Protein chains: 2
Amino acid sequence: MLLRPPSAADRFRALLDDEWVIDAPLERLLYGRDGSIAEGEAGLVVLPETRQEVSACVRLAAELGMAVVPRGSGTGLAGGAVPLEGALVLALSRMTRIVEIDEDVPCAWVEPGVLNLDLSEAVRHLGLHYAPDPSSQAACSIGGNVSTNAGGPHCLKYGVTSEHVLGLEVVLAAGEVLALGGPAPDAPGYDLRGLVVGSEGTVGVVTEICVRLTPNPPAVYTALCDFASVRAAGEFVSAVIAEGVVPAAMEMMDEVMIAAVEQFVGAGLPLDAAAVVLVEADGSPADVARQAAVVQRVGRAHGARMIRVAADEEERALLWKARKSAFGAVARVAPNYYLHDCVVPRTRLVEVLEEIGRIAERHDLVIMNVFHAGDGNLHPLIAFDRRNADQVARVAAAGRDIIEACVAVGGVLSGEHGIGLEKRDYMPLTFNEDDLRAQACARDALDPAGRFNPHKVLPGAARCGEAVLEAGHLPEGTWL
Amino acid sequence: MLLRPPSAADRFRALLDDEWVIDAPLERLLYGRDGSIAEGEAGLVVLPETRQEVSACVRLAAELGMAVVPRGSGTGLAGGAVPLEGALVLALSRMTRIVEIDEDVPCAWVEPGVLNLDLSEAVRHLGLHYAPDPSSQAACSIGGNVSTNAGGPHCLKYGVTSEHVLGLEVVLAAGEVLALGGPAPDAPGYDLRGLVVGSEGTVGVVTEICVRLTPNPPAVYTALCDFASVRAAGEFVSAVIAEGVVPAAMEMMDEVMIAAVEQFVGAGLPLDAAAVVLVEADGSPADVARQAAVVQRVGRAHGARMIRVAADEEERALLWKARKSAFGAVARVAPNYYLHDCVVPRTRLVEVLEEIGRIAERHDLVIMNVFHAGDGNLHPLIAFDRRNADQVARVAAAGRDIIEACVAVGGVLSGEHGIGLEKRDYMPLTFNEDDLRAQACARDALDPAGRFNPHKVLPGAARCGEAVLEAGHLPEGTWL
């Protein structure tokens, strides 16, 4: 169902070359999806190339009364980029310029469509890289990373996206171009970057980003530790950190996930392990040697059956390929998956994993775990088949149970994937009415007419001044 | 002039014990100042002890139509805590509990009145400390640090306050208690912490803060490097960082400041140096040894006349005492000082310092420099005597020249002291109307009636929807 007037595409064709205004039904359907299981349909898709074009498209959308959904690569896992009710999709995949690199800070100004891994490749000759490294880093864009405040394995040591965004340029609903922050350590005035980073396209369109670049570490140690129980693996993770070591990454996979990944990648993972932990340490050679010694000693003390140390770059790349292919590997197990992203205190990891095991049993489902163990960011993945209605109902119920189990131990809904459509109605589990009202009012301060990506992030699509906990309208068929 | 009704004090005495409601004229005058040269007068001063009391006081102030100015220790250097037009001062100096320490994250929940250094002392036995270390750290409060997004010498390596604030509890104008963030790496929803950290009490009252704690480094190297020219000192700073070393701190003092400090502290500073740079490196012993070697080598290459390495904790403490006493030492030179806080790109440091020297000459003033050289955060300090009207006019003119010189090379108004009253009308130098409007609207989203600390931060006390660049009302006699 299209809410746009018949001439909308023509109006946008006056702003962009014809090929960058798409209204063919099939493509509108394709742009109606992202990496989640939510489904929508784009009213129209435009692909601007400059901030001026973005601004002009946003102004025209306002004039036509169309909602605007900014979109990066569409790898998002919570439905944040799914357009509803015939919204305009503003795809930023043509804005791929690295505008400026400042080696002195060091930082780079980039357009939102630059792919995460492409940025690191582009600064490799300077001995630098962009630290946040989602598993989808070969496909996901920096703009999408900003939108979801994305994480990645190395965020254990280096912090999530918000810690790497120094400045932003944002186009707001009236087409005005806002500059927020920059390379200086503490920009004066109100810091609105936090309102934009992680806002999933609901306050404006990010058209340029100043990201911190990180010096490549002189030495790296990567080891795969193999345990006979999830409990031993979890306790190993806590014990390493309790020794005062903060590894660059500490990633865990359980037995079911190991089997799926090994079949897919063939990295020589131990198929009889109950869990493996991939540990990486980086820094100066002396510092890495010290950390490696701690990993070895603590690993043995916690019953690691084998500690496989990557002998060279090739083996390191293979171990990481295994980790980062996990979600892809699941396609061999079942046609669909529903993924959660809770964060729990690291000390409660083991009990929550055990509870997730009981939830899987109770709902007769396959739940696989692959996650950032170092910072307690779980990714329980429920494999299922959408065509099986009974299974779908069990998936939804299990999803709610998982979230409640995480919140019960002091955890939060999402660590790095965002709230989008999928998790928005769970927000009241961790926020009260005052908290949600403040968030709604802050969003409305930048987007008073609710023009950008409606229905996302806040429950009931709450607006400032409304009763935020009331269940709100969600177009039918968009979700499970 | 008091705008409060005569019974206001009595109304507050129904909420707090008598002694915590102060309306004696002398004390109202004392609470009318902070560490800046701005002057105001408190209508009434209250000292609540709990969030419930804060909430009740805020509600009552709303009922009585009084503006509310939250206040920490009053060490602020930009007039942020100065009450105007008989506002209610809400002094938080009784809220000094360290509520909880979580060694696992590690982090601590503290009340806003906890002094910066007291927190580090309280966690010393755990091998931890609170990293941001303003020179006033023995007197300033964590709440005040949050309010100004305070920095300090060690923020070069460890980042300013906003990077250490994991969560916040804030009382808003209707008395509601808001929870923002927490120890999890990336809280879901809109991140409003940035709207509060650095907001100088203009959006609400912070009643509890979850701060990151930092492990004490196993090894520390501290050296005072002595240069015959400011240019050589400045180039030394850039060259060390260009070697890939990020020292914990790199602090610079010029000749005039060295003389003032040496007279005050007697730390054996070289009185014939044009500039000294205090360098600190920390980390593992091997890492520190490597950094120290770089400092020695680069220092010699840039003509350091002497590199004095602290032999023990006592000498290290003495060198830091010299640095941190700088503002106090100025009292011997002149009765008043007006301090700026610009940040310039590190590569432009030397030219800006030379320009500041010319500004001092042009206006016939003494300007001393002591600053965070590593991150380009200047603190040019103009010593003067308030009783000399002609001098005061020259101070104001020189202040404007300094700020314009910083902005001209791509710098910003303030690095860590905040905007407060003193710098608010300079905001349009770095922000355009759209930027300022967005800031005004975001602030109003949390404080729609403009109840908290009016006249601060934004030029012309701009409100959402108003023309923000219009010069606004500022009560007479509050500023220079």
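Let's start with Cys441(A), which counts as buried at 9% relative accessibility. Keep in mind as we go that this is a predicted model. The partner of Cys441(A) is Cys464(A): the two form a disulfide, with their sulfur atoms 2.1 Å apart.

Now, is Cys464(A) buried or partly exposed? At 36% relative accessibility, Cys464(A) counts as partly exposed. The cut-off for buried is under 20%, so Cys441(A), at 9%, falls on the buried side.

And what is the handedness of this link? The torsion about the S-S bond of Cys441(A) and Cys464(A) is about 85°, and therefore the disulfide is right-handed. If you look at where the two cysteines sit, Cys441(A) is in helix H15, residues 433–446 of chain A, while Cys464(A) is in the segment after H15, so the pair ties together parts that are 23 residues apart in sequence.

How many disulfides does the structure hold over all chains? There are two. The other one is in chain B, where Cys441(B) and Cys464(B) form a disulfide with sulfur atoms 2.1 Å apart. This link is right-handed, with 85° about the S-S bond. Here the pair links distant parts of chain B: Cys441(B) belongs to helix H15, residues 433–446, and Cys464(B) to the segment after H15, 23 residues apart. As for accessibility, Cys441(B) is buried, with a relative accessible area of 9%, and Cys464(B) is partly exposed, with 36%.

What about Cys140(A), which is in no disulfide? The nearest cysteine sulfur belongs to Cys155(A), and that is 11 Å away. Cys140(A) counts as buried, at 3% relative accessibility.

Let's move on to the aromatic rings. The count comes to four aromatic pairs over all chains. One of them is Phe227(A) with Phe236(A), a tilted pair with 5.1 Å from centre to centre and 40° between the planes. Both of these phenylalanines, Phe227(A) and Phe236(A), are buried.

Another pair for you to find on the screen is Phe327(A) with Tyr337(A). Their ring centres are 6.0 Å apart and their planes are at 35°, so this pair is tilted.

I'll finish with a charge over a ring. Which residue lies over the face of Trp20(A)? That is Arg94(A), at 3.7 Å from the ring centre. In chain B, the charged end of Arg94(B) sits over the ring of Trp20(B), 3.7 Å from its centre.

Notes:
Residues numbered from 1 in each chain as written. Chains lettered and ligands numbered in written order. Predicted model: local features only at pLDDT ≥ 70, side-chain atom pairs only at ≥ 80, totals over all residues. Heavy atoms only, no water. Disulfide = S-S within 2.5 Å. Helix = DSSP H or I, 4+ residues; strand = E, 2+ residues; numbered from the N terminus. Buried < 20%, exposed > 50% of the residue type's maximum accessible area, 1.4 Å probe, protein only. Phe/Tyr/Trp six-rings, centres within 6.5 Å; stacked < 30°, edge-to-face > 60°. Lys NZ or Arg CZ within 6 Å of the ring centre and 35° of its normal.
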